[in-house]
Amino acid sequence: MTHALISTPFTASSTADEVLRGVDLAGVRAIVTGASSGLGLETARVLAAAGAEVTLAVRNTASGDAVAETIEKSTEGIRPRVVRLDLADRSSVTRFGDAWRGPLHLLINNAGVVTGGLERTHEGWELQFATNHLGHFALTSGLHDALALGAADRDGARIVSVSSTAHMRSGIDFDDLHFERRSYDSQIAYAQSKTANSLFAVEATRRWASDGIVANAVNPGGIATGLQRNFTTEQKESLAAAEAAGVFTYKTVGQGAATSIVAAVAPEFAHSGGHYLDDAQEAYTVPDDADLAQHPHGVKEWALDPAMAERLWAVSTDLLRA
């Protein structure tokens, strides 16, 4: 039996500022990964403007400091903290988690990487999967106790996992996660990592809802950000074709960040997780063989499958323990 989809008053054209209008986040401690540009910067800015204590988790701290200064000026004195985090480096993720003190109320797993060709971490992991999924998996697992403290402190803690329409191109290939045998395709690799982002939200909610922690995945939509800087000609042509086919229309950064903010603060998702949001609403589910062009605002079954989510969690745990 399917549940009624969760809806909110917001739409595809709503901005993050509009979602937070009248919302007071004083006392809320938030982390935004990848906050040195694009969606992460906008997400951090609006959270800080609403009174949240924001930590910018960034690989380049010089860029992070510049963002913090910009936010401080725009919010009349509210300056986020800047802490280095390289999601592709396990030691960096561990240091970040070990250094955190006190409760955490909101974790926005926003950072992402797109590669133009096959790149690997020093462990031999495919870089997009390692960064977009495994890095966030390790980070969030390491912050579980802080999130549980935050949940007890403010009647719930939330995790926002930034996914993408790209998830519709691929499920999880458990037999060859890191493209050791199959031919490498950057778009399929990215798609697999975005499906993993959604599955993470499903299993994190199943495991941690009793601790007051819920996780939801979001599709911000098509936004021109630094993520596209490594696109190959083929990837750019594919994106242009998708736009021409009506799969998406470009949003502003403010509109793109709105769905993340809905998942972060909207009362409709305060105690409900394991969902995939699109255009500020819970998305409808489509079969795994559904055509992306026909369902640009849907979510494939493989991105919400509880059994696949549990399996991915186990595999990810084993990889990080090795």
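The radius of gyration is taken over C-alpha atoms, and the globule rule is 2.2 Å times the number of residues to the power 0.38. For 322 residues a compact globule would have a radius of gyration near 20 Å, and the value of 18 Å for the protein agrees with this. The C-alpha trace spans about 50 × 45 × 40 Å along its principal axes. The model is predicted, so that local features need pLDDT of at least 70 and side-chain atom pairs count only at pLDDT 80 or more, whereas totals for chains, interfaces and linings use all residues. Residues are numbered from 1 along each chain as its sequence is written, and side-chain values use heavy atoms, with hydrogens and water left out.

The secondary structure comprises 10 helices and 10 strands; these are DSSP runs numbered from the N terminus (helices, H or I, at least four residues; strands, E, at least two). An open sheet of 8 strands has the order 3-2-1-4-5-6-7-8 with mixed pairing, where two strands pair if DSSP finds at least two bridges between them. Strand 3 (81–84) and strand 8 (281–282) stand at the edges with a single partner strand each, so one side of each has no neighbour in the sheet. Strand 1 (residues 29–33) pairs with strand 2 (residues 53–58) in the parallel sense over 5 bridges, and Ala30 stands opposite Val54 in strand 2.

Two helices were examined against this part of the sheet. Helix 3 (residues 61–74) lies across strand 2 and strand 3 and runs at about 170° to strand 3. Helix 4 (residues 90–99) packs on the sheet and touches strand 1, strand 2 and strand 3, its direction making about 145° with that of strand 3. Contact means heavy atoms within 4.5 Å. Axes are lines fitted to C-alpha atoms, for helices over the stretch in contact, and angles run from 0 to 180 degrees between N-to-C directions.

The axes of helix 7 (residues 186–208) and helix 10 (residues 306–321) come within 8 Å and cross at roughly 90°. The two helices are therefore roughly perpendicular to each other (angles under 35 degrees count as roughly parallel, over 145 as roughly antiparallel, 65 to 115 as roughly perpendicular and the rest as oblique). Residues of helix 7 in the contact include Phe200 and Trp208, which belong to a group meeting residues of helix 10 that include Met308 and Trp313. The contact residues divide into 11 nonpolar, no polar and 4 charged, with Ala, Val, Leu, Ile, Met, Phe, Trp, Tyr, Cys and Pro counted as nonpolar, Asp, Glu, Lys and Arg as charged, and the others, Gly among them, as polar.
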